[in-house]
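The structure under discussion is shown below.

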There are 2 protein chains.
Amino acid sequence: MTKVSSDFKVSVLQTSCRNCSLSSLCLPKDLVSTEIKELESIVSQLPPLNKHGHIFSQGENFSSLYVVRSGCVKKYQVDAEGNEQVNGFSLPGELLGIDAIGTGRYMSSAEALDTTSYCQLKYSKFEELCEKIPGLIKHILKMAGQELVAEHDIHKAISQKSIDERVAVFFTSLSTRLRILGYSGSEFNLPMSRHDIANFLGMQPETFSRSLKKLITDNLIDVNLKNIRIKDQDNLRLLAGHCETCPSNKVMNG
Amino acid sequence: MTKVSSDFKVSVLQTSCRNCSLSSLCLPKDLVSTEIKELESIVSQLPPLNKHGHIFSQGENFSSLYVVRSGCVKKYQVDAEGNEQVNGFSLPGELLGIDAIGTGRYMSSAEALDTTSYCQLKYSKFEELCEKIPGLIKHILKMAGQELVAEHDIHKAISQKSIDERVAVFFTSLSTRLRILGYSGSEFNLPMSRHDIANFLGMQPETFSRSLKKLITDNLIDVNLKNIRIKDQDNLRLLAGHCETCPSNKVMNG
DNA sequence: CGCGAATTTGAGCCGAATCAAGCGTTGTGG
DNA sequence: CCACAACGCTTGATTCGGCTCAAATTCGCG
């Protein structure tokens, strides 16, 4: 069903932020009706992307911020030697493009992993609006802050945690984010490839595969291709936040 | 000379942003005089900190953003098990506390590695000012963006690069930042311990020490305790931006 | 000068990368 | 509808880089 396709005619839909199920994530609280109207006027909903479609690509001139509405987006960079680094995966309600404001160019690419819809915020207009709507500044800084916190978490995980712990971090973190969006946190489908997850977590795909096997053996999760079922939230979270000195790890490894 | 000390009487200095050598880093361009005045009115320069003094600590209530004026600041987090993760080092002109805006609490601690002076921006007042001074929003988002880019860089380095490459990344990056501040990029003193650098770069202190030795042997740098002299910028940068498939690495290792 | 902390050095081991098949799934064309 | 090709994923065997543990050395500081 990757057929949203070429006969999708309306190129730009004017968005109703009011009725959007994501408004609690996208919008600051306590906006009055006129403010929402103003905000809506600078938000455009672009036609959905199919798998592998790009919201923007590394190096392009910066003009807009984007918010994911549905689907899942892979953020990645490719260096001079052609090596890819996956910076993260964005779910509905998450903001894309902040790191481009300073440089004037998108520093990473944002690629749909599935059919993905999203909203565009022309940055020049957004800036004007910040001066009008109190709380909008705080809101965007909040989202920037969340991104920084997430980066610190992954930095720590790759820096200090074992392979299995990193994989546990990934699943618990994804589980939490999905639950916040109203989806099941205990069973979900991975829109991204094993390759991309492994890259994000700083390991080889083979190693990720072996770690999956281990978590299955330890009765923490079940895996069926892209489908993940978390069987033991508690111990998975324990593993995710874990250091070597804690005895439970020994138990599991033994 | 760690004696800025207790008899430093003036508790809060009103700052002159105009005359500050960092203004090009701290302030948006093209501010008119009245705008600078308004900005100065919300900026306080607090008494300098000695080594090990904290600008803020993880978990404290968020109230202000801070800008480093001189010295060097270590950003770090400590988890439930007491493990420390060094998130980075802040040099003059750099902003601290952005990640606290969303959560209302400082997510990390900011500790002076040396005698360090800094400015405080009361966040509530800052927000008001954003609505008045066009360009201030862009400026802070720019700084947030820079922080995100830096996080992606370190994520990639720890994820994909070898030990020696990571150390080269650290020195070249530090060199560049110091040069921008007007210091020498080819010779400098490290204000932070080996332990902290190793932690930041996702390795053990022993491993960092061995890597230093290797870079010295390869004639890329000279090290004298805290003093670092970069002898071969070009090849150090080559190593920093490097992957295994590139032949020059083989040359150096062989 | 002497103590404690930080750093370096050494030896041995282990976890994860690499290399190489094998398997299963998906998509395509006959 | 089935055969086949292509790709993504898993599994196995081997290697090696970096960690661990332990000790020596140097540095910073009273």
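Buried area is the accessible area, taken with a 1.4 Å probe, that two parts lose on being put together, summed over both. In this predicted model, about 4100 Å² is buried in that sense between chain A and chain B, and carbon and sulfur atoms give 61% of this area. Leu141(A), His152(A) and His155(A) supply 16% of what chain A buries against chain B, more than any other three residues. The contact involves 42 residues from chain A and 42 residues from chain B.

Polar interactions also cross the interface: 13 residue pairs are in polar contact, both residues being at pLDDT 80 or more, and 2 salt bridges are found. Asp79(A) forms a salt bridge with Lys156(B), with the closest N and O atoms 3.0 Å apart. On the side of chain A that touches chain B, β6, α3, α4, α5 and α7 of chain A each supply at least two residues. The most comes from α5(A), with 18 residues. That side of chain A comprises 17 nonpolar, 14 polar and 11 charged residues.

Chain A also holds an open sheet of 4 strands in the order β3-β8-β5-β6, with antiparallel pairing. Its edge strands are β3 and β6 of chain A, each of which pairs on one side only. From one strand to the next, the twist averages 30 degrees.

| Strand | Partner strand | Bridges |
|---|---|---|
| β5(A), residues 73–78 | β8(A), residues 109–112 | 4 bridges |
| β11(B), residues 221–224 | β12(B), residues 227–230 | 4 bridges |

Val73(A) has Ala112(A) in β8(A) as its bridge partner, while Ile221(B) stands opposite Ile230(B) in β12(B). The hairpin of β11(B) and β12(B) has 2 residues between the strands, and Leu225(B) takes a positive phi near 55 degrees there.

Technical notes
Residues are numbered from 1 along each chain as its sequence is written. Chains are lettered from A and ligands numbered from 1 in the order in which they are written. This is a predicted model: local features need pLDDT of at least 70, side-chain atom pairs count only at pLDDT 80 or more; totals for chains, interfaces and linings use all residues. Side-chain values use heavy atoms; hydrogens and water are left out. Two strands pair if DSSP finds at least two bridges between them. Axes are lines fitted to C-alpha atoms, for helices over the stretch in contact, and angles run from 0 to 180 degrees between N-to-C directions. Contact means heavy atoms within 4.5 Å. A salt bridge is a side-chain nitrogen of Lys or Arg within 4 Å of a carboxyl oxygen of Asp or Glu. A polar contact is a pair of N or O atoms within 3.5 Å; within protein, one must be able to donate a hydrogen and the other to accept it, and residues adjacent in sequence count only if both atoms are side-chain atoms. Ala, Val, Leu, Ile, Met, Phe, Trp, Tyr, Cys and Pro count as nonpolar, Asp, Glu, Lys and Arg as charged, and the others, Gly among them, as polar.
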